[in-house]
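Open the model in your viewer and keep the selection panel at hand. The tour goes from one selection to the next.

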Amino acid sequence: MKRTVLKAITAVSLALAGAGAGTASADTFRLTIGSGHPADAAIWITTMRDFLAPEIAKRVQQKTGHKIEWVNAYGGSVCKLGECLEAVESGLLDMADLHIAFEPTKLMAHNFPYFVPFGTPDPVIAARSARKVYDTVPELKKILETKYNQIFLAVGVVGNYNLVTTFAWDKVEQLKNRKIAAAGPNIPWLKAVGSIPVQSNLNEAYTSFQTGVYEGWVMFTDATVGFKLHEVAKNYVFTDFGSIANVVIAINKNTWKKLPKAVQDIMLEVGKEYTEVESKAAMEKGQKSVEIMKAAGVSVRSLSDAEKAKWANALSDIPNERTTEINKAGQPGQAVGAYIKALKEAGVKLPRDWAIK
């Protein structure tokens, strides 16, 4: 009789334990994901919305039983450009594109791709090279975690930077005293040829062109079309400043700690894949954007190799200058040299030997 009762109690206990385990394995995590740029106009955010977020949710449910519910906050609805680092740090957003070009001081070292001008016009090579830097210079991830309360998930790229203007030109001397817009780290490229740089961002570019605030933009093809700049500036010249890995996606550290390790692992896994998916999408959209510009009557041409070399040689020794500056700021200056090394290992031929002294 006792044996029968014990068996019954054991069976009930196991059933209750199983029910409890089933409940624990079906948590729903509601996370807010956002950016300063609009998703439809910016390919790096489009890929974030259409690949990164849904792919994480899909794999989490398939592999763990948990659910991720995303609340979209793109296009500056929660953090405007230059505010997303702080928004993730405070937990206002769980995940966001930090867009490092707007964090020239706090994330100075993370801006390392800007410090190798005329790097590579190929978004895929640029993205892979940048990812290699993040994987071999752990201090970059550590800065995000220890100083800004967030975990690095992914790096992405914007397309090859060139020059869109309201005026025709084919010699670098013709850029002297022209007002040309740029975002922070690429302003030195303009100063080298005597242009008047104007700090700006894409969200205000169209109106600024219309009102004459500036006459040009250092900009890649897909954003030129995505933000309709080709409607107000009819000259696009391929200068091949390079594709820049300025997209960093991070998640709030407090949010991260609440997630099961299996979910964390999936986020890191998909984050690595984002680099490949996004950079290939950037290349494809960039190529399509050239055709759209041509069809709209934009004059699209390439700067001669001689003029490109003239521009590159007019620049100061930016890689070494920035390496020194980053080190003085207590950040990992070796990121610049690591990026140069990664580009060379990928077969990139730089117009100048940007060797770190």
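Select Arg30 and Glu69. The two form a salt bridge, with the closest N and O atoms 3.4 Å apart. A salt bridge here is a side-chain nitrogen of Lys or Arg within 4 Å of a carboxyl oxygen of Asp or Glu. Arg30 lies in strand S1 (residues 28-34) and Glu69 in strand S2 (residues 67-73), so the pair ties together parts that are 39 residues apart in sequence. Arg30 is exposed at 59% relative accessible area, and Glu69 is partly exposed at 32%. The cut-offs: buried is under 20% relative accessible area, exposed is over 50%, and partly exposed is in between (1.4 Å probe, protein chains only).

The model is predicted: local features need pLDDT of at least 70, side-chain atom pairs count only at pLDDT 80 or more, and totals for chains, interfaces and linings use all residues. Residues are numbered from 1 along each chain as its sequence is written, and side-chain values use heavy atoms, with hydrogens and water left out.

Next, select Glu345 and Lys132. Their side chains meet in a salt bridge at 3.3 Å, N to O. Glu345 belongs to helix H13 (residues 334-345) and Lys132 to helix H4 (residues 123-136), so this pair ties together parts 213 residues apart in sequence. Lys132 is partly exposed, at 39% relative accessible area. Helices (H or I, at least four residues) and strands (E, at least two) are DSSP runs, numbered from the N terminus.

Move to helix H10 (residues 261-295). Glu276 and Lys280 both lie in it, four residues apart, about one turn of the helix. Their side chains form a salt bridge at 3.5 Å, N to O. Glu276 is partly exposed at 25% relative accessible area; Lys280 is partly exposed at 45%. Now select Glu55, Lys58, Arg59, Lys63, Glu269 and Glu273: salt bridges that share partners join these residues into one network. The whole structure holds 25 salt bridges.

Now for two loops. Is Ser195 buried or exposed? It counts as buried, at 7% relative accessibility. Ser195 sits in the loop between helix H6 (187-191) and strand S6 (196-199). Its side chain reaches the backbone oxygen of Leu175 at 2.9 Å. That is a polar contact: a pair of N or O atoms within 3.5 Å, where, within protein, one must be able to donate a hydrogen and the other to accept it, and residues adjacent in sequence count only if both atoms are side-chain atoms. Beyond neighbours within four places in sequence, Ser195 is in contact (heavy atoms within 4.5 Å) with Leu175, Lys176, Asn177, Arg178, Ile180 and Leu190.

Select Asn149 next, in the loop between helix H5 (139-148) and strand S4 (150-165). A polar atom of its side chain lies 3.1 Å from the backbone oxygen of Glu89. Not counting residues up to four places away in sequence, Asn149 touches Val88, Glu89, Leu144, Ile251, Asn252, Lys253 and Asn254.

Finally, show the whole chain. The protein chain has 13 helices and nine strands. Its C-alpha trace spans about 100 × 45 × 35 Å along the principal axes. Of the 357 residues, 55% are buried. Among contacts between residues at least 6 apart in sequence, 76% join residues at least 24 apart.
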